[in-house]
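I opened my notebook and kept a record of what I looked up. Here are the entries in the order I made them.

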Amino acid sequence: MAIIELSDVHKTFMKAREAVEVLMGIDLTVGEGDFVALMGPSGSGKTTLLNIIGGLDGATAGEVVVADANLDELSNRELARWRAATIGFVFQFYNLLPVLNAQRNVELPLLLTKLSGEQRRRNAQTALSIVGLNDRARHKPGELSGGQQQRVAIARAIVADPPILVCDEPTGDLDRENAEEILDLLQILNRDHGKTVIMVTHDPKAADHAKRVLHLDKGKLVQEVAA
Amino acid sequence: MSNFGLLRANLHRHPVRTYLTLLSVLVAFLLFGLLRTLAVWFGSGPAEGASVDRLVVSAKYSIIDMLPISQMNAIVGVDGVAAVTHQSWFGGNYQDGRSFFPKFPVEPRSYFAMFPELRIDPAHLDAFERTRTGAVVPESMLADFGWQLGDKIPIEADIWPMADGNRIWEFDLVGTYTTDSEGQGGVFLFHYHFFEEARGFAKGTVGWYTVRIEDPDRAAEVANAIDVTFENSMNPTKTATEDEFGKAFAAQIGDLGLMATGILSAVFFTVLLLTGNTMTQALRERIPELAVLKTLGFGNARVAWLVLGESVLLCVVGGVLGIGLAALFTPVATAFLPQFGPSALAFAWQTAATGVGVAILLGVVVGAVPAMNAGRLSIAEALRRS
Ligand SMILES: Nc1ncnc2c1ncn2[C@@H]1O[C@H](COP(=O)(O)OP(=O)(O)O)[C@@H](O)[C@H]1O
Ligand SMILES: [Mg+2]
C-alpha cells in the first residue's frame, strides 16, 4: 500500500526576482515499509523534495498525499499536528537543542501529546535504548560525538512512533564507521519496526542499505534502480 | 520535562547574559518597590502615633525657619487651644555621625504632658527638669549605645555651636522614657533652657510648636485661627495636623513624588532596552532551533508563546525578587525618615501586586515582537540558513 504519493509535483522559488523551477513534475510512489535512497548532485532539489514530503514546505503545483492526508488541504495548524504524528526528521547536522540533555531532547516531541510526565520519560528512555544510548541520557549534545548526537536525533525522530522517517544526508557529517552504525540503525528501524524510510544521500555505500535508489537530476527523477 | 522546563533551559543558554538582565530588572523593581512605598506613605491618612487632637505650628514658608518663642503665649490665648509645647531640630553628630538619631531641645514638663504616649518615670522627669544639662532618651537607646544613667554624652554641633565657639555640647543622661509608637521613638531630648543660654545665635526662637486642641472636630478652625493671629507679623505660621506636618517635612527634602516618577521612567526605559536587546539576540541565535521545534510539530502559536513566556518569565522573576527586596528594605528605609513624621513606612500589598503586573507587562512588551517573528518563521528557510 502506498504511503507516499506524489503526482506531477512542481516547485518554483523566487530568486532575485527570477523564478527558478527546482522540481519539474515529480511522480513518486513509496509503499508502506519501503526504504528509499534519494541521490543526485548538489542543488538538484533533494532537500526541497524531502521538505515537501515532510510537510515543511508546500508544492507550487501537483498533488502530495502522505499517510492518507492531502497536504495541500491542511491548514498550518493541522499540518503541524500531522507532522508530529506522521513524520520523524533526521538532519545532516543533527539539529539537537544544545541546552537540553539527550533525554530531554528526545522528550521534546512528546510535549505535544497528552502523555504524563512519567510516561514521557519512560518513552524517551525506550527510544534511547533502541539507539543504544541509555547511558548517555544526561549528556548534553556538546558532550557527545557526532555519531552519538545523530543517534539521539534518531531517538527523537522515533519517540512519538511516526510511520515515516525522513532523513536528509544523515551520514553526511560522519566518518565511515559512525556512518555504518547509523545506516544499520535505520535499516533495523525499517525492517524490525516497520518504519518507511526516505533518505537523501551522496554516498553510494549508504544507498546499498536501501531497498530502492532514486536519482534526482535537474528537477526530475531520472531513473529508478533496484538495489 | 515540561514546557516550563524548556523555558528555563533556554534561559540558561547564556547564564551570564541572563543573570545580568535579571539583575537589571531586579534593580528596577527594587527602586519601584521603595519609591511606591514612599508614595503610598505620602498619600496615607493619619498613621499610628499621629494624634488628631494635636496640631503642629511651623513657619509658613519653610519648616526650616525658626519661630520666636514669644508666639507661645499668643497661641495659648487662641480659642480652642488647651496646651502648647515646642521643639527644635538640633542636628549634631554623636561619634562622628556613625549613629544617627534626632535630638530636640524641649521644655520637659510641657513636652511630656503633650505626648502622653511617651511614658516617663516621675522621678526621671523631675531630674530632667532640675538638671540644666540634663537629657533623657528612649530606654532602648541605652542598650544600643551602651549608656548608663549618669553618663556624660558629647554631641558635636553642626547647626548650633555654643556662644563661646565650642562645638561639643555635653549632656548628662538623667532619665529614660518608653513608647509603643515607632514614629515617636528614638529622640534624644535635652533641656531647652540650656540650649537657649548656650547657643551662639537665633536666641529666643524655636523650631515648631505642638498644640493640643480641646475639640478634634474643630481642628481646621483652630489651625486657621492660629495662622490668622500671625498672618501680618514678621513670622507668619502654617498650622497642620501632626500627620500632614511629618509628610511636609519629608517633602521638603525634595519633591519626592516627581523625583520618583522621573527615576522610574528612566530606569524602566533602560530596562526595556536591555531586556529587549537580550530577547532579540536570544531569538536571532535560536532561529534554527525554533525551526526544529516546528518540524517536530510545534505549531506557530506554540513557538510564539514559548518565546513570549521566556521574556515574561525573566521579567517576573526579576520583578518578584526586586519587590521582595524592597519589602525587606522598607524597615531600613524608615530609619532614614525624619523621626517626628508620625507614620512609619509600610510595604503595601498593592505595591507588590502592581509590581507583578508591571513585570508581566514589561515581559509582554519586550517579548511581543520576537514572539511574533518566531511564530511567523518559515521552517524551510530557517533550516537552509543553519
Ligand atoms: N527557499 C529558497 N529560496 C530560493 N531558492 C531556494 C530555496 N530553497 C532551495 N532553493 C534553491 O533550490 C535549489 C535546490 O536546493 P536543494 O533542494 O537544497 O538542493 P539539494 O538538497 O539537492 O542540494 C538550489 O538551487 C537552491 O539554491
Ligand atoms: Mg540538500
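**Entry: a surface patch on chain B.** I started with nonpolar side chains on the surface. B:Val16, B:Leu20, B:Leu23 and B:Val27 form a nonpolar patch there. Together these residues have about 380 Å² of accessible area. I kept in mind that this is a predicted model.

I then picked out one of the patch members, B:Leu20. B:Leu20 sits in helix α2 of chain B, which covers residues 15-43. Is B:Leu20 buried or exposed? I looked up its relative accessibility and found 55%. The cut-off for exposed is over 50%. B:Leu20 therefore counts as exposed.

**Entry: a glycine in chain B.** Next I went to B:Gly367. I found B:Gly367 in helix α13 of chain B, residues 349-376. Its relative accessible area is 0%. Buried means under 20%, so B:Gly367 is buried.

What does B:Gly367 touch, apart from neighbours within four places in sequence? I found contacts with B:Leu308 and B:Ser311. I also checked a distance. The C-alpha atoms of B:Gly367 and B:Leu306 are 9.9 Å apart. Along the chain, these two residues are separated by 61 residues.

**Entry: chain B as a whole.** I stepped back to look at totals. Chain B has 386 residues, and 52% of them count as buried. Its secondary structure comes to 14 helices and 12 strands.

I then looked at contacts in chain B between residues at least 6 apart in sequence. Of these, 80% join residues at least 24 apart. For the surface, I noted that chain B exposes about 17,400 Å². Carbon and sulfur atoms supply 62% of that area.

**Entry: the sheet in chain A.** Four of its strands form an open sheet, in the order β2-β1-β4-β5. The pairing is antiparallel. Which strands are at the edges? They are β2 (18-31) and β5 (69-70) of chain A, and each pairs on one side only.

I followed one pairing in detail. Strand β4 of chain A, residues 61-66, pairs with β5(A) over two bridges. The sense is antiparallel. A:Val65 has A:Asn70, in β5(A), as its bridge partner.

**Entry: a helix on the sheet.** Helix α1 of chain A, residues 46-53, packs on this sheet. I listed the strands that α1 touches: β1 (2-15), β2 and β4 of chain A. Lastly I noted an angle. The direction of α1 makes about 125° with that of β1(A).

Key:
Residues are numbered from 1 along each chain as its sequence is written. Chains are lettered from A and ligands numbered from 1 in the order in which they are written. This is a predicted model: local features need pLDDT of at least 70, side-chain atom pairs count only at pLDDT 80 or more; totals for chains, interfaces and linings use all residues. Side-chain values use heavy atoms; hydrogens and water are left out. Two strands pair if DSSP finds at least two bridges between them. Contact means heavy atoms within 4.5 Å. Axes are lines fitted to C-alpha atoms, for helices over the stretch in contact, and angles run from 0 to 180 degrees between N-to-C directions. Patches are made of residues with over 30% relative accessible area and no salt bridge: like charges are joined within 9 Å, nonpolar side chains (Val, Leu, Ile, Met, Phe, Trp, Tyr) within 5 Å. Accessible areas come from the Shrake-Rupley method with a 1.4 Å probe; for residues, only the protein chains shown count as cover. A salt bridge is a side-chain nitrogen of Lys or Arg within 4 Å of a carboxyl oxygen of Asp or Glu. Buried means under 20% relative accessible area, exposed over 50%, partly exposed in between (1.4 Å probe, protein chains only).
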